[in-house]
Amino acid sequence: MAMLSNLDLIRRVRLFSMLTPEQAQIIADSVSKRRFKRGEVVVEQGTQPQSLYILLNGRARVLTADRRGREVIMAVLEAGDHVGEMSLIDGELASATVRCEQPTDMLVLGRTEFARCLPEAGSLAAGILKGLVARLRNADRQIESLALLDVYGRVARTLLDMAEEVEGRRIVKGRVSRQDMAKVVGASREMVSRVMKDLEERGQIETQEDGSVVLKTIESALDLGAEDE
């Protein structure tokens with residue numbers, strides 16, 4: 001059986017199905033093929049991926065971990081799936097680790113070559129694309145919180161996400177609605193109120209007269225919120 005060319009492989013990937021023949025050839029000339037061993041890390045959480053990876057075969061897991069090293073599986077990737085594009089689009093660090101479950105062949109497209117495929121910077125399409133990536137990142141964080149943190153941790157993380165830096169202090173401006181917070185963290189309004197009160201008594205947050213919240217040592221609540229196995 002003859003070996004498939006990069007162009008033949010490109011034509012089999014859903015991500016590139018809408019490319020013109022000329023565009024497909026440009027991508028084919030730019031990709032390389034790499035085999036990853038079982039257990040090998042393709043992308044590591046907290047690092048800056050430099051390439052787009054497209055699975056040709058095999059299987060890989062997308063995992064996220066808390067500060068205690070406990071993991072939750074976000075997705076399972078198979079042939080035709082791709083990873084690394086979010087960081088290449090928004091320039092942020094990888095929000096999850098990708099680890100191969102078995103020997104896996106992938107096409108690798110570098111950052112520079114990938115950027116040539118994106119909409120022109122400043123265009124509406126580019127703005128929408130970055131907005132979609134931001135929504136995906138928020139969704140990933142929500143899934144991670146629900147899987148790895150109890151109500152304390154989820155409230156703490158939500159407050160951190162809402163906070164702004166003001167004169168060296170982190171502040172959640174405006175009155176924090178316990179009802180809205182409850183809907184975000186997946187708990188009752190009463191439970192959120194108890195957690196907020198407890199955080200205040202611990203000195204981790206401080207509620208101002210206008211209802212805004214100053215975050216002090218809120219990060220330690222993430223560790224309090226990590227449930228023991």
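**Helix packing and salt bridges in the predicted model**

Of the 229 residues in the protein chain, 37% are buried (under 20% relative accessible area; exposed means over 50%, partly exposed in between, with a 1.4 Å probe and protein chains only). The model is predicted, so local features need pLDDT of at least 70 and side-chain atom pairs count only at pLDDT 80 or more, while totals for chains, interfaces and linings use all residues. Residues are numbered from 1 along each chain as its sequence is written, and side-chain values use heavy atoms, with hydrogens and water left out.

The secondary structure of the protein chain comprises 9 helices and 12 strands. These are DSSP runs numbered from the N terminus (helices: H or I, at least four residues; strands: E, at least two). The C-alpha trace spans about 70 × 45 × 30 Å along its principal axes. Contacts (heavy atoms within 4.5 Å) were considered between residues at least 6 apart in sequence. Of these, 67% join residues at least 24 apart.

Helix H5 (residues 124-148) has 25 residues. From first C-alpha to last, H5 reaches 36 Å, close to the 36 Å expected at 1.5 Å a residue (the expected span is 1.5 Å times one less than the number of residues). Buried residues in H5 are Ala126, Val133, Arg137, Glu144, Ser145 and Leu148. Their cover includes strand S4 (60-65), strand S5 (71-77), H3 and H6.

The structure holds 12 salt bridges. The criterion is a side-chain nitrogen of Lys or Arg within 4 Å of a carboxyl oxygen of Asp or Glu. One of them pairs Asp90 with Arg137, with the closest N and O atoms 2.7 Å apart. This pair links distant parts of the chain, from Asp90 in helix H3 (residues 85-90) to Arg137 in H5, 47 residues apart. Asp90 is partly exposed at 21% relative accessibility. Arg137 is buried at 13%.

A salt bridge also joins Arg141 to Asp161, again with closest N and O atoms 2.7 Å apart. Arg141 lies in H5 and Asp161 in H6, 20 residues apart. Both residues are partly exposed: Arg141 has a relative accessible area of 31%, and Asp161 has 48%.

Helix H6 (residues 151-162) also packs with helix H8 (residues 189-201), their axes coming within 10 Å and crossing at roughly 75 degrees. H6 is therefore roughly perpendicular to H8 (65 to 115 degrees; under 35 is roughly parallel, over 145 roughly antiparallel and the rest oblique). Axes are lines fitted to C-alpha atoms, for helices over the stretch in contact, and angles run from 0 to 180 degrees between N-to-C directions. From H6, Val151, Tyr152, Val155 and Leu159 take part. They meet Met191, Val192, Val195, Met196, Asp198 and Leu199 in H8.

Asp198 also forms a salt bridge with Arg202 (3.3 Å, N to O). Asp198 is buried at 18% relative accessibility, whereas Arg202 is partly exposed at 45%. Elsewhere, salt bridges that share partners join Arg59, Arg61, Glu78 and Glu101 into one network.

Ser51 lies in strand S3 (residues 51-55). Ser51 is buried, with a relative accessible area of 12%. Beyond its neighbours within four places in sequence, Ser51 contacts Val83, Gly84, Leu88, Val108, Leu109, Gly110 and Arg111.
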